[in-house]
Amino acid sequence: LVSCVGWTTADELFSCSDDHQILRWNPVTSEATRVVKLPDDVYPLDLHCFPRGIGGKKQTQAESFVLTSSDGKFHLISKLGRVEKSVEAHCGAVLAGRWNYEGTALVTVGEDGQVKIWSKSGMLRSTLAQQGTPVYSVSWGPDSDKVLFTSGKQLVIKPLQPNAKVLQWKAHDGLILKTDWNSVNDLILSAGEDCRYKVWDSFGRGLFSSQPHECPITSIAWALDGELFALGSFNTLRLCDKTGWSYALEKPNTGSIFALSWSIDGTQLAGACGNGQVIFAHVVEQHWEWKNLEITLIKRRTMKVHNVIDDAVDLLEFRDRVIKASLNYGYLVVSTSLQCYVFSTKNWNTPLIFDLKEGTVSLILQAERHFLLVDGGGLYLYSYEGRLISSPKYPGMRTDILNAKTVSLSNDTLAVKDKADEKVIYIFEALSGKPLGDGKPLTHKTEIVEIALDQKGLTSERKIAFIDKNRDLFITSVKRFGKEQKIVKIGTMVQSLAWNDTSNILCGIQDSKFTVWYYPNTVYVDRDLLPKTLYEKDASEFSKNAQLVSFVGNLITIRRADGSLVHLHISPYPGILHGHVGTSRWEDGLRLCRFVKDQTLWACLAAMAVANKDMTTAEIAYAAIGEIDKVQYINSIKDLPSKESRLAHMLLFSGNTQEAETLLLQSGLVYQAIQVNINLYNWERALELAVKHRTHVDTVLAYRQKFLEDFGKKETNQRFLQYAEGLEVDWNKIKAKIELEIAKERERAAASSAVRT
């Protein structure tokens, strides 16, 4: 029987079997050559290739591998077949061995129940765990700081640092035979003799449990990018999505498949079979959809484009095998093992082709004006004409673990969630690749799980939405000029989120409902209005753990936990309203709202008008939703004499008191700044301003005295007592001073408008 297989490059595989031979395979030519014959007492059990250079060293291939065997040793073997070192490791067989992601340490487990950590050269560093039953499988955590291993029916996650908390839970009803832990999505797979496979998160919470198969599941393995996994059983090979549901089931005549290994580019896998064969499989029929186009990978180097409107079919042929593709914003971007192709959906005959720097692209993200390629070497931003725009970098960058949830791209901004510190988001200017603003990353108080940038509108108003590990949804502005930006919570228990591609509308799946935030910016304008700008729908039909796939136009695509797709339509009117407001066509916006007669739409218009300082429209919209107090306040703002005062009161309306005060002081309207603080009962600040500018101290004290008298209280504040000594309050005098200030402001306003004229 063949016991183990492992890829060194995308086109070279090593396999070991109980006939003591190690063979090298070339899947392209289907040739196998013998590399080395092991001694007769060595029966190989597990093989793992040394990781390709991550970070600084750019090895394109693995130069060696570790082989564990039944005689209690592990062997370090070079690609040429030279056994460089054999190390006595366990009593009884060494059942599994795994390199960490950096290639700096090796973990082995054996029949003696021990878990041992070794250095790169094969020196024992520590014994991590000892238990009474054999350990059948082991995997490293994404940061190589924890190890996952089996203990009978239990799974155990043990951190390397001593005294750290160990996580252990019952995972199966039978012996667990195989595990795997993916570094990109941080999910764990387990397979056991109870004939089931299960998916877990790194906290040990079950996300998926399969129906029982006919036979125990003997092998399971993640594809490198964490989107797919495969499992093997007796005469069975199954391909599954990361959420657990099955894409394809094959019944090859193989006996049990004892080990599975994915190639580095994730396009093919190999299996070690119980009947002495090695099985090769290629992933085909991946599917991409956008508007009226369906694209399917029908062979390894051929795509079929189907236009559902006129039933036209095009075939796209490639020189090398297709590794990744993305279809959005009118372009199809395809990366093969050596080149990148950019097709315009208007013309399939003349793609733009350029060579890739590194080999394997692990992620393609598209925005309207450009797209991002992620590979082992870095992040590369290209225009659709194939020109390299920028290549952003940040300290400790690990591109091999980035996925669509941790990177987001818009026309002017790129956001990346850091892996070293999960509370941090790095934000870059797309065109220069430099960090945005003051260069400091965005920091949140808890770990962030998913991020998304809005796609439309001005660069200065770019927003980022993110979900933290408590499943709370926050929104904040990307541009931060020195001042601390407010991060505002707009939703709880959010599983998945997506921005619309043509207007800044956000949708998300909350605990039991599906929610659309038609104008998320409302939180910065008028917080109380936010609930009125939402659309909510019962989400029980989507089942648990549903994910948003896309939000194009007014069509939302959701993938349910069983893999089926559900399409939802939302009202087209908010999108149209965004379009009107974006081009300052307020009259059209009002006409639309009057035609639709929908409170949600009026609420969106009110918030948009306040955000754009259009008071006339705001007044009409607030009146339509019955917010009479706000209509009155807006009317009072319109009567103010100077432009600065009006602007300051608009800022007050949105709750930005600090900015309103700063604006008034900069404009020289000191009395108005003091009055704003008096109206808000910020007595200390009002007095501080009056004393600092040596004006209206008596006004502040008079209002304070009146306020205390109204409530029948005595003055206890030392500063007020100090300034009130020997001061007689004369309301006539104060009123005269106030009238003088207002007259002065009117004169200034008249003078400035005369200058403008």
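Two strands are taken to pair if DSSP finds at least two bridges between them. By that criterion, strand S11 and strand S12 (residues 124-130) are partners in this predicted model, running antiparallel to each other over 5 bridges.

The protein chain contains 13 helices and 54 strands. Its C-alpha atoms fill a box of roughly 110 × 65 × 45 Å along the principal axes. Of the 757 residues in the chain, 54% are buried. Contacts also reach across the sequence: among those between residues at least 6 apart, 41% join residues at least 24 apart. The domain assignment gives domain 1, made up of 2-52 + 62-282, and domain 2, covering 656-756. The centres of domain 1 and domain 2, taken over C-alpha atoms, are separated by 74 Å.

On the S12 side, Ile-117 is bridged to Ser-126. Both connections are hairpins. Between S10 and S11 there are 3 residues, and Gly-113 in the turn has a positive phi of about 80°. Between S11 and S12 there are 4 residues, and Gly-122 in that turn has a positive phi of about 95°.

His-20 is placed in the loop between strand S2 (12-17) and strand S3 (21-26). With a relative accessibility of 8%, His-20 counts as buried. Apart from neighbours within four places in sequence, His-20 is in contact with Val-36, Lys-37, Leu-38, Pro-39, Asp-40, Val-42 and Tyr-43.

Further along, an open sheet is formed by 4 strands in the order S44-S45-S46-S47, with antiparallel pairing. Strand S44 (448-453) and strand S47 (488-491) are the edge strands, each pairing on one side only. From one strand to the next, the twist averages 30°. Inside the sheet, strand S45 (residues 463-468) pairs with strand S46 (residues 473-477) in the antiparallel sense over 5 bridges.

Turning to the helices, two packed helices are described by the angle between their axes and the distance between the axes. Helix H5 (residues 615-624) and helix H6 (residues 628-638) pack at an angle of about 160°, and their axes are 9 Å apart. Because angles over 145 degrees count as roughly antiparallel, H5 is described as roughly antiparallel to H6. The crossing of H5 past H6 is left-handed. On the H5 side, the contact is made by Met-615, Thr-616, Ala-618, Glu-619, Tyr-622 and Ala-623. Helix H6 contributes Lys-630, Val-631, Ile-634, Asn-635 and Lys-638.

Helix H9 (residues 670-679) has 9 of its 10 residues buried, so this helix is largely enclosed by the rest of the structure. The buried residues are Val-670, Tyr-671, Gln-672, Ala-673, Ile-674, Gln-675, Val-676, Asn-677 and Ile-678. Tyr-681 follows H9 and lies in the loop between H9 and helix H10 (683-693). Although Tyr-681 is not a glycine, its phi is positive, at about 60°. Tyr-681 is exposed, with a relative accessible area of 53%.

A further positive phi is found at Lys-597, with a value of about 55° although this residue is not a glycine. Lys-597 sits in the loop between helix H3 (586-596) and helix H4 (599-611). At 68% relative accessibility, Lys-597 counts as exposed.

Terms used:
Residues numbered from 1 in each chain as written. Predicted model: local features only at pLDDT ≥ 70, side-chain atom pairs only at ≥ 80, totals over all residues. Heavy atoms only, no water. Helix = DSSP H or I, 4+ residues; strand = E, 2+ residues; numbered from the N terminus. Axes fitted to C-alpha atoms, helices over the stretch in contact; angles between N-to-C directions. Domains from an automatic or database assignment. Buried < 20%, exposed > 50% of the residue type's maximum accessible area, 1.4 Å probe, protein only. Parallel < 35°, antiparallel > 145°, perpendicular 65-115°, else oblique. Left-handed = near helix turned anticlockwise from the far one by under 90°. Contact = heavy atoms within 4.5 Å.
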